[in-house]
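Let's take a friendly walk through this model together. Have the sequence and the 3D view open as you read.

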Amino acid sequence: MTTATPTAPPPRPVIKKITTDDVYAALSQGWEDFKAVPQFGLFFGGVYALIGIAILAQLWIWDLPLWILPLAFAFPLVGPFAAIGLYEVSRRRETGEPLEWDQILQVVWDQRHRQLPTMAFVVMAGFMIWVWFARLIAALFIGRMDYAVYSNLDTLFTTPSGLTMLVVGTVVGGVIAFILFSITAVSLPMLLERDIDFVTAMITSVNVVQENTRPMLTWAWIVAAGLIVAKIPFFLGLIIALPVLGHTTWHIYRKTVEPPRPVG
């Protein structure tokens, strides 16, 4: 009877220190990736924008415009997953591999068998927590409301309770968004490239933010500002913003985490 030799666990990813200049350099590289092969960015950005438009349209159809603001702030949480194909495009440009539609879409499709779906559940849990807090905050500051009150934007913008709710909701949403930013800042491109578990990827991502607090806060503000501005014209700006930010995320990952060591 032969005894299987235990396999050594893969080495933990090594984190590198960066500066704010590195963030701007990564942003420039992301823009160059988008300009070099815009067809991929426009495709993935267009799909993302269509999802946002569909959510906006449903809220208007259901006569619930008061929920547009919290859901608009929560919607970018799914952005990193929409950018999976963009990470692969940047990776292939970096390594000189061919940029073929079928191969890139196959890579995206194959992620369903890996760790990314589990990460999606983690982020979705954060999304649901934010929606729950939004409902709780609305109930605390405006009281028990029927659908007619939810459809009245004057309640939000012209009353002390509505304005207070807006401030508190923004703060709470910002805290939840930052937590989710920390666990996804580099974990998704890492899971695309490496065969590691999602917990290791999340811990590494949080450590990257901790070790590079100022640069990563700068990156977080760039992402937040870019997505907020991009959503103003009916989410259409996301067609450009998502691919640029997605490509940049790959380069942020490259600058903050040492490349995986070759096996053998």
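Predicted model: local features only at pLDDT ≥ 70, side-chain atom pairs only at ≥ 80, totals over all residues.

**A guided tour**

Thr256 belongs to helix α14 (residues 238-256), and it counts as buried because its relative accessibility is 0%. Its side chain also has a polar atom 2.8 Å from the backbone oxygen of Ile252.

Next, turn to the aromatic rings: the structure holds seven aromatic pairs. In one of them, the ring centres of Phe40 and Trp101 are 4.4 Å apart with the planes at 40 degrees, so this pair is tilted. Phe40 sits in helix α2 (residues 38-61) and Trp101 in helix α6 (residues 101-110), so the pair ties together parts 61 residues apart in sequence. Phe40 is buried, at 1% relative accessibility, whereas Trp101 is partly exposed, with a relative accessible area of 34%. Another pair joins Trp132 and Phe133: the centres lie 5.2 Å apart and the planes are at 80 degrees, so the pair is edge-to-face. Here Trp132 is exposed at 52%, and Phe133 is partly exposed at 29%. Coming back to Phe40 and Trp101, ring pairs link these two with Phe43 and Phe44 into a cluster.

Finally, look at helix α10 (residues 160-184). At 1.5 Å a residue, its 25 residues should span 36 Å, and its end C-alpha atoms are 36 Å apart, which agrees. Buried residues in α10 include Gly162, Met165, Gly169, Gly173, Ile176 and Leu180. As background, an α-helix has 3.6 residues a turn, so residues three or four places apart point the same way.

How values were computed
Residues numbered from 1 in each chain as written. Heavy atoms only, no water. Helix = DSSP H or I, 4+ residues; strand = E, 2+ residues; numbered from the N terminus. Expected span 1.5 Å × (residues − 1). Buried < 20%, exposed > 50% of the residue type's maximum accessible area, 1.4 Å probe, protein only. Polar contact = N/O pair within 3.5 Å; in protein donor to acceptor, adjacent residues only side chain to side chain. Phe/Tyr/Trp six-rings, centres within 6.5 Å; stacked < 30°, edge-to-face > 60°.
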